[in-house]
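Please read the following note with the sequence and the model open beside it.

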Amino acid sequence: MPNIKSAKKRVITSRKKAVGNNVIESSRRTAIKNFEKAVKAGEKEVSSEKLNVALQRIDKSAKSGLIHKNKAARLKSRLTKMKNNME
């Protein structure tokens, strides 16, 4: 445990940020998995709704700096291709 006051504050804030980052990260992964399951099942309407949710989660994680903007673009492109190839 740190002894300096500012270092103690930094430990507390980094823990809080880590919790928030984990929430965003896990919701993004879950949204992508749900979309992929809907595509595998062949449900067109459900998959389009899940695609929108997944794209929102990807944008949010890129905006907050959890993933690079190019990774976000790559993920969005890959998911959109899956949706288009389904039809």
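1. Basis of the note. This is a predicted model, in which local features need pLDDT of at least 70 and side-chain atom pairs count only at pLDDT 80 or more, while totals for chains, interfaces and linings use all residues. Residues are numbered from 1 along each chain as its sequence is written, and side-chain values use heavy atoms, with hydrogens and water left out. Helices (H or I, at least four residues) are DSSP runs numbered from the N terminus, as are strands (E, at least two).

2. Geometry of H1 and H2. Two packed helices are described by the angle between their axes and the distance between the axes. Helix H1 covers residues 5–41 and helix H2 covers residues 44–63; their axes come within 8 Å and cross at roughly 155°. Here the axes are lines fitted to C-alpha atoms, for helices over the stretch in contact, and angles run from 0 to 180 degrees between N-to-C directions. H1 and H2 are therefore roughly antiparallel to each other. Angles over 145 degrees count as roughly antiparallel, under 35 as roughly parallel, 65 to 115 as roughly perpendicular and the rest as oblique.

3. Residues between H1 and H2. The H1 side of this contact (heavy atoms within 4.5 Å) includes Ile24, Ala31, Phe35 and Val39, and the H2 side includes Val46, Leu51, Ala54 and Ile58. By class, the contact of H1 with H2 has eleven nonpolar, four polar and four charged residues. Ala, Val, Leu, Ile, Met, Phe, Trp, Tyr, Cys and Pro count as nonpolar, Asp, Glu, Lys and Arg as charged, and the others, Gly among them, as polar.

4. Geometry of H2 and H3. Helix H3 spans residues 69–86, and H2 packs with H3 at an angle of about 175°, with the two axes 10 Å apart. That makes H2 roughly antiparallel to H3. The contact of H2 with H3 has nine nonpolar, three polar and four charged residues. Among the residues that meet here are Ser48, Leu51 and Leu55 in H2, and Leu75, Leu79 and Thr80 in H3.

5. Geometry of H1 and H3. The axes of H1 and H3 come within 10 Å and cross at roughly 15°. That makes H1 roughly parallel to H3. The crossing of H1 and H3 is left-handed. Arg28, Ile32, Phe35, Glu36 and Val39 are the H1 residues that meet H3, where their partners include Leu75, Leu79 and Met82. By class, this contact of H1 with H3 has seven nonpolar, no polar and four charged residues.

6. Leaving aside neighbours within four places in sequence, Phe35 is in contact with Ser47, Lys50, Leu51, Leu79, Met82 and Lys83. The C-alpha atoms of Phe35 and Ala54 are separated by 7.2 Å, although these residues are 19 residues apart along the chain. Lys83 lies in H3 and is buried, with a relative accessible area of 8%. Not counting residues up to four places away in sequence, Lys83 touches Phe35, Lys44, Ser47, Ser48 and Leu51.

7. Glu25 is placed in H1 and is buried, with a relative accessible area of 16%. The side chain of Glu25 makes a polar contact with the side chain of Arg28, at 2.3 Å. A polar contact is a pair of N or O atoms within 3.5 Å; within protein, one must be able to donate a hydrogen and the other to accept it, and residues adjacent in sequence count only if both atoms are side-chain atoms. Ser48, in H2, is partly exposed, with a relative accessible area of 27%. A polar atom of the Ser48 side chain lies 2.7 Å from the backbone oxygen of Glu45.

8. Arg29 is partly exposed, with a relative accessible area of 49%, and Val19 is exposed, with a relative accessible area of 53%.

Conventions:
Buried means under 20% relative accessible area, exposed over 50%, partly exposed in between (1.4 Å probe, protein chains only). A crossing is left-handed if the near helix is turned anticlockwise from the far one by less than a right angle, and right-handed if clockwise.
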